[in-house]
Amino acid sequence: MKQKEKKQNALLYERPNFYKDAQPEQIKAAMDYAEDYKAFLNSSKTVRETIRFTETLLKKNKFAALPAKKGQKRVYGIFRNKTIAMAVIGERPVSEGINMVAAHIDAPRVDLKQNPLYEDATSATACMRTHYYGGIKKYQWVSTPLALHGFVVTKDGKYLDISIGEKSDEPVFIIPDLLPHLARKEQYSKNLSEAIDASKMNLVFSSRFEAGSEEKEALKVYALQLLNQKYGITEHDFISAELELVPAIGARDAGIDSSMVVGYGQDERICAYTALTALLKDLPRKPKRTMIVYFSDKEEVGSQGNTGAHSVFIQDFVAQVLAQNGEDCSSANLRKCFMNSQILSGDVTAAIDPNYPGVHEKQNAVVFNHGIGVSKFTGSGGKYGCNDANPEFTAKVLKLFSDARIQWQMGELGKVDEGGGGTIAYIMANLGAEVIDCGVALMGMHSLYELCSKADLYCTYLAYSEFLYKG
Ligand code: MN
Ligand code: MN
């Protein structure tokens with residue numbers, strides 16, 4: 001390159017494509033990483049399943065549940081089976097600050113109502129009523145195979161994990177959509193958000209009854225009999241249960257070059273998985289600062305409740321980590337610790353979609369294969385509800401990634417006033433820590449089949465690890 005050209009390039013902000021300079025072994029590493037990621041997505045379709053996967057992996061890596069024995073440096077805590085935090089205690093005192101990656105692990109879905117089952121005489125079927133969770137486009141959930149996952153506490157106190165529809169010999173469930181022939185008035189005359197009425201998202205659960213049966217509600221009774229034989233549950237047990245419908249189809253490669261992964265729940269299990277594996281990446285190397293990865297629940301409905309990011313859990317966990325390291329865990333010292341801390345809020349952002357480029361402002365939007373997406377702010381309108389990261393911290397994080405030659409790109413969710421969305425960044429920042437959002441860009445976010453680039457997935461894993469160990 002000529003001297004003059006070099007000088008000019010030094011003045012410009014460039015964001016190269018991952019594949020431009022990638023070595024064959026880097027490409028192979030990115031492709032290999034996605035294999036385990038797909039397996040994770042398929043085994044972790046609910047919050048509880050994600051917690052179980054995480055705990056198993058942590059135990060394999062010699063992490064111990066808090067309170068742990070003295071000297072134990074790899075610890076974790078689970079609260080109400082729906083939120084988890086894990087730490088590797090560093091060489092410096094914990095109160096000098098931690099490096100944390102925080103991500104939520106809930107995903108939009110369709111829940112069963114608490115009293116869901118009914119017999120529909122008009123259609124001669126038994127159905128289940130549903131209530132959607134999070135920001136879904138309702139039309140995506142009809143006419144698609146669904147699996148039923150969840151957790152039931154029976155009347156006599158037994159805990160049961162339910163999963164129907166994942167194995168090839170198990171049935172799946174369908175919320176039927178209206179045939180186009182008869183949709184003129186019911187759907188075509190309405191706008192997209194009203195065309196599928198939430199009260200018409202009932203699932204066809206069964207269609208036969210026991211031969212010779214003349215019982216009232218014979219269909220419903222037969223369906224309950226089958227459930228009772230398999231799980232020992234009765235209709236009463238639905239009332240306290242947590243039963244969720246998720247896409248029955250598993251994650252798989254997408255594109256003729258298999259350069260992408262398509263699958264459900266990537267918002268937000270993609271940032272959770274990359275954070276978890278980033279934490280384990282360089283063990284047993286001991287970091288200077290304490291590293292923490294935190295998974296919260298309920299982000300898609302506002303982060304409240306005892307397992308959401310607003311709950312006291314993460315503060316209590318860090319207090320326990322202070323105690324584990326023999327440090328003062330008073331509330332003043334805990335505050336000091338958070339105010340000395342730096343946190344990456346791991347959340348997905350929207351990649352430019354070839355069909356809808358107009359909702360983005362190209363110069364500030366993220367695109368596939370250009371690395372981890374860093375968002376200085378989220379929110380909507382005039383940055384309402386955002387955590388606008390401080391320049392000192394933003395520059396520090398970007399330098400960290402650049403120095404390690406990890407591809408990153410700056411990006412905001414969409415055009416100003418086009419829409420918007422939030423993350424848990426501001427909740428973590430309320431604790432006094434420096435926080436910035438960064439994660440993988442998706443196409444079709446919140447759909448049943450979200451799409452990510454394997455290169456971005458891999459860059460995010462590397463970036464989180466660099467931040468946790470060296471940030
Ligand atoms: Mn989301
Ligand atoms: Mn998210």
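Predicted model: local features only at pLDDT ≥ 70, side-chain atom pairs only at ≥ 80, totals over all residues.

Me: OK, so how far apart are the closest N and O atoms of Glu170 and Lys167?
Reply: They are 3.9 Å apart, and that pair forms a salt bridge.

Me: And Glu170, buried or exposed?
Reply: Glu170 is buried, since its relative accessible area is 15% and buried means under 20%. Lys167 is exposed, with 54%.

Me: Which residues end up in one network of salt bridges?
Reply: Glu35, Lys38, Asp253 and Lys454 are joined that way, through salt bridges that share partners.

Me: How many salt bridges does the count come to?
Reply: The count is 23. One of them pairs Arg109 with Glu244, with 3.6 Å between the closest N and O atoms. Arg109 sits in strand β5 and Glu244 in strand β10, so to speak a link between distant parts of the chain, 135 residues apart.

Me: Are those two buried or exposed?
Reply: Arg109 is buried at 10% relative accessible area, and Glu244 is buried at 6%.

Me: What does Lys158 meet in a salt bridge?
Reply: The side chain of Asp156, at 3.5 Å from N to O. Asp156 is exposed, its relative accessible area being 57%.

Me: On to the metals. What coordinates the manganese ion that is ligand 2?
Reply: His104 through NE2, Asp267 and Asp347 through OD, and Glu268 through OE, at 2.1 to 2.4 Å. His104 belongs to strand β4 and Glu268 to helix α9, so this pair ties together parts that lie 164 residues apart in sequence.

Me: Are His104 and Glu268 buried or exposed?
Reply: His104 counts as buried at 1% relative accessibility, and Glu268 counts as buried at 0%.

Me: Which residue bridges the two manganese ions?
Reply: Asp267 does, and the ions lie 3.7 Å apart.

Me: Switching topic: how much space lies in the largest pocket?
Reply: About 1300 Å³. It is lined by 48 residues, and the closest to its centre are Ala350, Leu413, Gly420, Gly421 and Met445.

Me: Which element gives the largest share of that lining?
Reply: That would be β20, with three residues.

Me: How many cavities of 30 Å³ or more does a search find?
Reply: Two, over the whole structure.

Me: Last one: which residues make the nonpolar surface patch of about 250 Å²?
Reply: Leu178, Leu179 and Leu182. Leu178 is in the loop between β8 and α5, and it counts as partly exposed at 32% relative accessibility.

Definitions and conventions. Residues numbered from 1 in each chain as written. Chains lettered and ligands numbered in written order. Heavy atoms only, no water. Donors = N, O, S within 2.8 Å, 3.2 Å for Na, K, Ca; no water. Helix = DSSP H or I, 4+ residues; strand = E, 2+ residues; numbered from the N terminus. Buried < 20%, exposed > 50% of the residue type's maximum accessible area, 1.4 Å probe, protein only. Patch = residues over 30% accessible without salt bridge, like charges linked within 9 Å, V, L, I, M, F, W, Y side chains within 5 Å. Areas by Shrake-Rupley, 256 points an atom, 1.4 Å probe, with all protein chains shown as cover. Salt bridge = Lys/Arg side-chain N within 4 Å of Asp/Glu carboxyl O. 1 Å grid on protein atoms, 1.4 Å probe; cavity = no way out; pocket = protein on both sides within 12 Å on 5 of 7 lines; lining within 4 Å. Points joined across faces, edges and corners; volume = space filled by probe spheres on them.
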